[in-house]
Amino acid sequence: MAIIRQTLMDTVVTKLQAITYANSYSREVGTRRVYSASKLPQQIPTPCVIVLQGPERVDNRIGDRYECSLALSVAFVESYGGPEPDDEANKFLADIQKAVNGADFSFTTTNYSSGASVTTFATLLEVSNSINAGEPVEGKVYGEVQYELGYVRSIFDPEKQ
């Protein structure tokens, strides 16, 4: 069984891989263009999405479980040489928001105390976003969305609730 954090990250990546023309999005990202490591825009084929995990805040308010909040950054890069780079970046931003905002983040895990199988839920909250905010990259548009992924896990075993 995977740790809860990885299960949720796999769900986020799967949702982003669904950004395809066939699924009514404005571009074709698919399974080959979602990355989980920081790379320079010149080094990766476009369109692409880069998912970076940030710090996980952990709070023990509920006995033997942690309330966790994992910071996520979902960046995007697209080749573009047209007259309206912000319009194109906004379309890609909207694709990402559509793919993950409101997505179902339910999963089945084991309760640490009882050993019973439980279905639990995580929340994904958009915190901020930006487009083309930085040094211009010739022939590219880019941006990012910051999220907080909230979930509960056992203090004794990160695979369980």
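User: In which sense do strand β4 and β5 pair, and over how many bridges?

Analyst: This is a predicted model, and in it β4, spanning residues 106-110, pairs with β5 in the antiparallel sense over 5 bridges. Within that pairing, serine 106 stands opposite phenylalanine 121 of β5. The two strands form a hairpin with 6 residues between them, and in its turn glycine 115 has a positive phi of about 80°.

User: What does threonine 120 touch, leaving out residues up to four places away in sequence?

Analyst: Threonine 120 touches Phe105, Ser106, Phe107, Thr109 and Gln161, and its side chain is joined to that of glutamine 161 by a polar contact of 3.0 Å.

User: Turning to the cores, which residues have the most contacts inside the largest nonpolar core?

Analyst: In soluble globular proteins, nonpolar side chains tend to be buried together. Here the largest nonpolar core has 32 residues, and Leu16, Val49 and Ile96 have the most contacts inside it. At least two of its residues come from each of α1, β2, β3, α2 and β7, with α2 giving the largest share, 6 residues. A second, separate core of 8 residues includes Tyr35, Ile44, Ala75 and Tyr142.

Methods. Residues numbered from 1 in each chain as written. Predicted model: local features only at pLDDT ≥ 70, side-chain atom pairs only at ≥ 80, totals over all residues. Heavy atoms only, no water. Polar contact = N/O pair within 3.5 Å; in protein donor to acceptor, adjacent residues only side chain to side chain. Contact = heavy atoms within 4.5 Å. Pairing = 2+ DSSP bridges. Helix = DSSP H or I, 4+ residues; strand = E, 2+ residues; numbered from the N terminus. Core = buried A, V, L, I, M, F, W, Y, C linked by side-chain atoms within 4.5 Å. Buried < 20%, exposed > 50% of the residue type's maximum accessible area, 1.4 Å probe, protein only.
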